[in-house]
Amino acid sequence: MSLNRSEKEAVIKEVTDLAAKAQTLVMAEYRGITVADMTKLRNAARSHGVALSVLKNTLARRAVSGSSFEVAGDQMTGPLIYGFSEDAVAAAKVVADFAKTNDKLVIRGGVFGGKALDPNGVKELASIPSKEVLLAQLCGLLMSPISRTAVVLGALAAKKGEGEPAAAA
């Protein structure tokens, strides 16, 4: 279905707004995926805050021109689904996880931090833990010395408590 000029401008504006807010762009070829599988992918993306769109490549190139995602212009060929996310790893995680279970979804590339990523780069980005997990790990590391000190002090107090009754007798 062909779009008229005003519809194309609306699509470009919408994608430009997505790109302005996003940190990551992931592109994947979806040739041969069933509608049911595509619906599962879209639901997973929506639950992780990823905006998935099937766009004409020329419209996508125009929408990202002038942004940090412009470096992916040469990768925008063929039937692609575009995933934009404000979280640095969410789009890569959703697409990579779905690609593990569905061999018809082929990761073509992406952009993070103004640098183009190849398919392996997208998979590496997907393997990074989420922000919440990293913060929990950091808190655990910060609490570790304190908890160890508390255990040692507790053991010393217990030892002194045992030694006093024996000395008094």
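**Notebook: cores, an aromatic pair and a surface patch**

Entry 1. I looked up two phenylalanines and found that Phe69 and Phe84 are both buried. The model I consulted is a predicted one.

Entry 2. I then took Phe69 by itself. I located Phe69 in the loop between α3 and β3. Its relative accessibility is 0%, and buried means under 20%, so Phe69 counts as buried. I listed its contacts, leaving aside neighbours within four places in sequence: Phe69 touches Ala19, Ala22, Gln23, Thr24, Leu25, Val64, Phe84 and Val111.

Entry 3. How many aromatic pairs does the count come to? I recorded one aromatic pair. The ring centres of Phe69 and Phe84 lie 5.8 Å apart and the planes stand at 75°; planes over 60 degrees apart count as edge-to-face, so this pair is edge-to-face. The pair links distant parts of the chain, since Phe69 sits in the loop between α3 (57–64) and β3 (80–85) and Phe84 in strand β3, 15 residues apart.

Entry 4. The largest nonpolar core holds 24 residues, and Leu41, Val50, Ile81 and Leu105 have the most contacts inside it. I noted which elements give two or more residues to this core: β1 (24–29), α2 (35–47), β2 (50–54), α4 (90–101) and α5 (119–126). Which element gives the largest share of this core? That share, eight residues, comes from α4.

Entry 5. Not counting residues up to four places away in sequence, Leu105 touches Ala28, Glu29, Tyr30, Ile33, Leu41, Ile81, Val95, Phe98 and Ala99. I also recorded a second, separate core of 18 residues, which includes Val15, Leu59, Leu80 and Tyr82.

Entry 6. I looked next at the surface. Leu135, Leu138 and Leu142 make a nonpolar surface patch of about 300 Å². I placed Leu142 in helix α6 (residues 131–168). Is Leu142 buried or exposed? The relative accessible area of Leu142 is 56%, and exposed means over 50%, so Leu142 is exposed.

Entry 7. With a relative accessible area of 55%, Met143 is exposed. I noted a separation of 28 Å between the C-alpha atoms of Met143 and Ala90, which are 53 residues apart along the chain.

Notes:
Residues are numbered from 1 along each chain as its sequence is written. This is a predicted model: local features need pLDDT of at least 70, side-chain atom pairs count only at pLDDT 80 or more; totals for chains, interfaces and linings use all residues. Side-chain values use heavy atoms; hydrogens and water are left out. A nonpolar core is a set of buried Ala, Val, Leu, Ile, Met, Phe, Trp, Tyr and Cys residues joined through side-chain atoms within 4.5 Å. Buried means under 20% relative accessible area, exposed over 50%, partly exposed in between (1.4 Å probe, protein chains only). Helices (H or I, at least four residues) and strands (E, at least two) are DSSP runs, numbered from the N terminus. Contact means heavy atoms within 4.5 Å. Rings of Phe, Tyr and Trp (its six-membered ring) pair if their centres lie within 6.5 Å; planes under 30 degrees apart count as stacked, over 60 as edge-to-face and the rest as tilted. Patches are made of residues with over 30% relative accessible area and no salt bridge: like charges are joined within 9 Å, nonpolar side chains (Val, Leu, Ile, Met, Phe, Trp, Tyr) within 5 Å. Accessible areas come from the Shrake-Rupley method with a 1.4 Å probe; for residues, only the protein chains shown count as cover. A salt bridge is a side-chain nitrogen of Lys or Arg within 4 Å of a carboxyl oxygen of Asp or Glu.
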